[in-house]
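Dear colleague,

I am handing over the structure below, and after it I set out what was found. Please read the notes with the model open beside them.

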Amino acid sequence: MQKQSFRHLPLTYRPYDFPASFPVLAFLGNYWSNAVTVPEFLHFHNGIEIGCCIDGSGRLCCRDSDCFDYRSGDYSIIFPQIPHTTVSGSSPSAWEYLYVEPRLFFQEDCCDCDSLWQFFYIPQKLPVIIKKKEFPVLHLFISRLFQEFHGKKTLYQRAVHGLLTALCAEMNRLTLTSAVGGSSPEEPASAYFYICSALSYIYEHYKEPISIQSLSAHCCISESHFRRLFKQVVGISPLEYIQHYRIRQACHLIYLNREPINVIAQQTGYRSLSSFNRQFQQYMHSSPTCYRKEHLLAPVQNEVLSYEDNATKHIFQI
């Protein structure tokens, strides 16, 4: 892993339209070639990105100053709303991708669905690049996922559901133990329970004023303990997380292009347009008005916005 700053780069939002019945998209075959050597911007998605490097090498770079080396045979996992880009090495690298909308995917037949999908909205730490020697269990699950989509045998969707659930459980174990530590297995579980409760509250009430006091009261712990626990598990402060979440929701509303900017500001919990503009500029490195003009009205080459797009429908293997 190499260190390099990408915080200065502008961000763009690349959403995908997920079918509600089976919210997984598979981009298979030799269609996705990454020839970028110097990134001009980072992008983020509304779903989990699971990548398979089928040829070449390079680095996968995230906004938080991390670049992870990859080569043929490696897999990648990028959580929703994590800004990133893939930078190829001496020659272009080829990838296949799976995209999953976690909230839709885990909402039906799992009694613990809230903690499953919320896990993917905690800023990602490790792992990002999945190498067989380092993470053999994760590597096996992801390998089987791609095999299921390539084969599409009877009941493959059932198999995909089971593999993704197992993948999620294994990533929970790795990341929670790393983030929280503790001498007993109850400590990470307890911390995660509190944070999931806080995240649920944020997702339901982000359009309203939210105080740290109200969040800690919702979790039934002291404000100081809540702040410390949230930063320990999530990696940023509760206030930073709320602001980031609101801006990401605003990006989706701007993408839909149905409301003026001042209305979107109100719909995402900002009391004033100036406050919204300031936060948006700080996170996206662009004003909301410029972002709408530059990133939404201008066509983006090689971007697929929906599996129903007839011009690119043939590359989706659903």
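Gln-243 counts as buried because its relative accessibility is 16%, where buried means under 20% relative accessible area, exposed over 50% and partly exposed in between, with a 1.4 Å probe and protein chains only. Please bear in mind that this is a predicted model, in which local features need pLDDT of at least 70 and side-chain atom pairs count only at pLDDT 80 or more, while totals for chains, interfaces and linings use all residues. Residues are numbered from 1 along each chain as its sequence is written, and side-chain values use heavy atoms, with hydrogens and water left out.

Gln-243 sits in helix α8, residues 238-256 (helices are DSSP runs of H or I with at least four residues, and strands runs of E with at least two, numbered from the N terminus). Its side chain makes a polar contact with the side chain of Tyr-270 at 2.7 Å; such a contact is a pair of N or O atoms within 3.5 Å, where within protein one must be able to donate a hydrogen and the other to accept it, and residues adjacent in sequence count only if both atoms are side-chain atoms. Leaving aside residues up to four places away in sequence, Gln-243 touches Tyr-270 and Gln-279, contact meaning heavy atoms within 4.5 Å.

Gln-279 is itself among the buried residues of α10, together with Ser-275, Phe-276, Phe-280, Tyr-283 and Met-284. Seen down the axis of α10, these buried residues fall within an arc of 130 degrees (taken from the directions from the helix axis to the C-beta atoms), so they line one face of the helix. After α10 comes His-285, whose phi is positive, near 60 degrees.

Best regards
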